[in-house]
Amino acid sequence: EDAIDWNGVFQEALESRDYERLSQISIDFVATARSYIKIIVIEQFMPIEKQTIRPVRVGGIAGGRKYLAGGLLFKMIHDPLLYPPAQQGLASEPFYLYGRSRPNYELAAKSASHSLHGASHYFHIGYDQVKDQARKNSNLSRRPALRVPLQVALDYLGYRVTAQPWLKLKAPIYGGNGVQIHTPPKGHPVTDLMSAAASKLHLARHRVHGDKVLHCAGDVEAHEGVDGRIYLLDLARAFPAEDANVIGHLPYVGQPVFYRMLRPELLQLLKEERYPPLSPDTFTGFSKGDPDRFSLENAS
């Protein structure tokens with residue numbers, strides 16, 4: 001299928017600071033995404049063989065069902081079942097990512113919004129890094145900087161769907177999917193870039209699964225693209241979760257650690273008041289084995 005290289009044209013316009021072109025790309029991107037999303041939502045309950053745009057198996061499960069069309073990757077948001085009920089009559093309840101004992105679409109949709117929110121903040125940091133490195137490398141696409149692809153979250157007929165360009169990526173170089181955590185070889189620029197981003201966002205350096213040191217949440221991923229740029233993905237947990245056990249005015253529903261996040265503005269206020277940085281993996285299983293886990297949780 002011949003499709004627009006949405007990410008390529010976006011990154012090139014960004015590097016050349018062609019703001020008029022960036023505006024037009026964004027308008028076309030949202031219009032294209034909206035047209036495909038309508039088809040995906042309307043046809044989702046049809047037999048797969050009759051669907052115009054069929055689901056594909058790419059990436060993890062947290063984002064929802066995935067679709068590819070027009071050079072874009074779509075994620076139909078839902079609350080994925082992590083562990084089905086035990087078979088053979090054993091007493092066991094199903095376990096969902098957001099709702100815990102039962103699926104909760106509202107909480108899954110909140111997480112999708114957090115992903116866009118996190119992407120927005122990392123985008124601005126990455127763009128500042130591009131400008132800071134402008135004098136150090138004449139090849140604009142090779143400047144060491146964090147890149148975030150175009151993204152949009154749209155609601156249609158009560159369903160939330162996210163869209164972003166289909167990226168040509170190499171293996172992960174930093175972060176992971178919560179099961180396998182990647183750290184780069186010594187001297188790779190992504191380590192300093194993520195450290196600098198964490199400092200700006202007031203996020204703590206911490207250990208994941210006891211032995212991997214990260215400056216971001218354990219399920220945030222950094223990949224090197226085939227174009228040589230460094231891309232950040234899966235930013236729903238870019239910011240620390242609030243302590244749901246001490247927030248009395250909100251009900252404790254499902255797994256709040258995955259959908260109730262602190263506002264980045266609050267982190268900046270804490271930074272100004274010289275409070276210690278917070279770990280985005282606080283209160284989660286990612287922080288098990290971190291010797292500083294309890295001090296980071298107390299700070300939160």
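**View 1. Surface and overall make-up of the predicted model.** The accessible surface of the protein (Shrake-Rupley method, 1.4 Å probe) comes to about 15,800 Å², and 52% of this area belongs to carbon and sulfur atoms. Of the 300 residues, 47% count as buried, meaning under 20% relative accessible area with a 1.4 Å probe and protein chains only. Six helices and 14 strands make up the secondary structure; these are DSSP runs, H or I of at least four residues for helices and E of at least two for strands, numbered from the N terminus. This is a predicted model, in which local features need pLDDT of at least 70 and side-chain atom pairs count only at pLDDT 80 or more, while totals for chains, interfaces and linings use all residues. Residues are numbered from 1 along each chain as its sequence is written, and side-chain values use heavy atoms, with hydrogens and water left out.

**View 2. The open five-stranded sheet.** The strands follow the order β1-β2-β3-β8-β7 with antiparallel pairing, where a pair requires at least two DSSP bridges. Because β1 (55-56) and β7 (152-156) stand at the edges with a single partner strand each, one side of each lacks a neighbour in the sheet.

**View 3. The largest nonpolar core.** This core, a set of buried Ala, Val, Leu, Ile, Met, Phe, Trp, Tyr and Cys residues joined through side-chain atoms within 4.5 Å, has 31 residues. Helix α4 (189-201) supplies its largest share, six residues. Leu146 touches, among others, Tyr122, Val190, Met194 and Leu232, contact meaning heavy atoms within 4.5 Å.

Terms used:
Buried means under 20% relative accessible area, exposed over 50%, partly exposed in between (1.4 Å probe, protein chains only). Lists of a residue's contacts leave out its neighbours within four places in sequence.
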